[in-house]
Amino acid sequence: DSIQAHLDALKQIDADWTNAVVSGSKQALLDYLSKHPDSEHKAEAQHKIDSIDWAFAANANTLDEIQAYLDEHPNGEHVDEATTAIQKLKVKTVQPEEKMMVTASLRHFFQAVNANDEASLQASVAPIMSNFLGKTDATKADAAVFLQKIYKDDITGMTWKLGNDAKIDKREVGQDEYEYTVNISATQDIERTDPSKPKHCTYKIKAKISPDGLISALSMTQIIQ
């Protein structure tokens, strides 16, 4: 009877393994390992789970999913592939902290315009800008001229506000250094002595932000409503 019971147990283990393999389910494999922790198929089950998790992460191809694979399988069979995939994704994926840096750079520029603060405005732009409002190879001095021109005789103050629709792309320009291109809307509310002139304008802003967080190119297109 004891021998028969042992044989029946072995048959059940084999049946459970067959069912787990046929299902192709990670959960079924985990259940099998939980039920039979010392099974002769343990290594094969772990291999299959590793493969399932990597296939899911590779198909998703996102930082979160690939990192989840590495967290669950620090010594997995696809660690090298996962590490390479993460490096490639980081080159083209704008991280939350990068988005904050890019929008902060633009915000500092327009806050300086709001305050009519030439020093702060010049501090927010690169020494040489590839393009600044239509001028190529523009300098900090050109930014100061822009500030002088924007405050016309009848303008006593203005408030620029950035929209929440920023679209940001990035490209690698050096080892772990990136340049960012951002498209975003902005509104301009103007305080002026001449009531017949416009007091509210909307713009499309396109800018490039250097790795050190300075504006290296800027263009603005007014949206006629």
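How are helix 2 and helix 3 oriented to each other: roughly parallel or roughly antiparallel?

## Model and conventions

This is a predicted model, where local features need pLDDT of at least 70, side-chain atom pairs count only at pLDDT 80 or more, and totals for chains, interfaces and linings use all residues. Residues are numbered from 1 along each chain as its sequence is written, and side-chain values use heavy atoms, with hydrogens and water left out.

## Helix 2 against helix 3

Helix 2 (residues 26–35) and helix 3 (residues 42–60) pack at about 155°, with axes 10 Å apart. Helices here are DSSP runs (H or I, at least four residues), and strands likewise (E, at least two), numbered from the N terminus. Axes are lines fitted to C-alpha atoms, for helices over the stretch in contact; angles run from 0 to 180 degrees between N-to-C directions. Helix 2 and helix 3 are therefore roughly antiparallel (angles over 145 degrees; under 35 would be roughly parallel).

The crossing of helix 2 with helix 3 is left-handed (the near helix is turned anticlockwise from the far one by less than a right angle). Ala, Val, Leu, Ile, Met, Phe, Trp, Tyr, Cys and Pro count as nonpolar; Asp, Glu, Lys and Arg as charged; the others, Gly among them, as polar.

## Helix 3 against helix 4

Helix 3 packs on helix 4 (residues 63–72) at about 160°, with axes 8 Å apart. That makes helix 3 roughly antiparallel to helix 4. Their crossing is left-handed.

Asp50, Asp53, Trp54, Phe56, Ala57 and Ala60 in helix 3 meet Glu65, Ile66, Tyr69 and Glu72 in helix 4. This contact has 6 nonpolar, no polar and 4 charged residues.

## Helix 4 against helix 5

The axes of helix 4 and helix 5 (residues 79–92) come within 10 Å and cross at roughly 155°. The two helices are therefore roughly antiparallel. Again the crossing is left-handed.

Helix 4 gives Leu63, Ile66, Gln67, Tyr69 and Leu70 to the contact; helix 5 gives Val79, Ala82, Ala85, Ile86, Leu89 and Lys90. The residues divide into 9 nonpolar, 1 polar and 1 charged.

## Lining of the largest pocket

By class, the lining of the largest pocket has 10 nonpolar, 1 polar and 3 charged residues.

Note on methods:
Parallel < 35°, antiparallel > 145°, perpendicular 65-115°, else oblique. Contact = heavy atoms within 4.5 Å.
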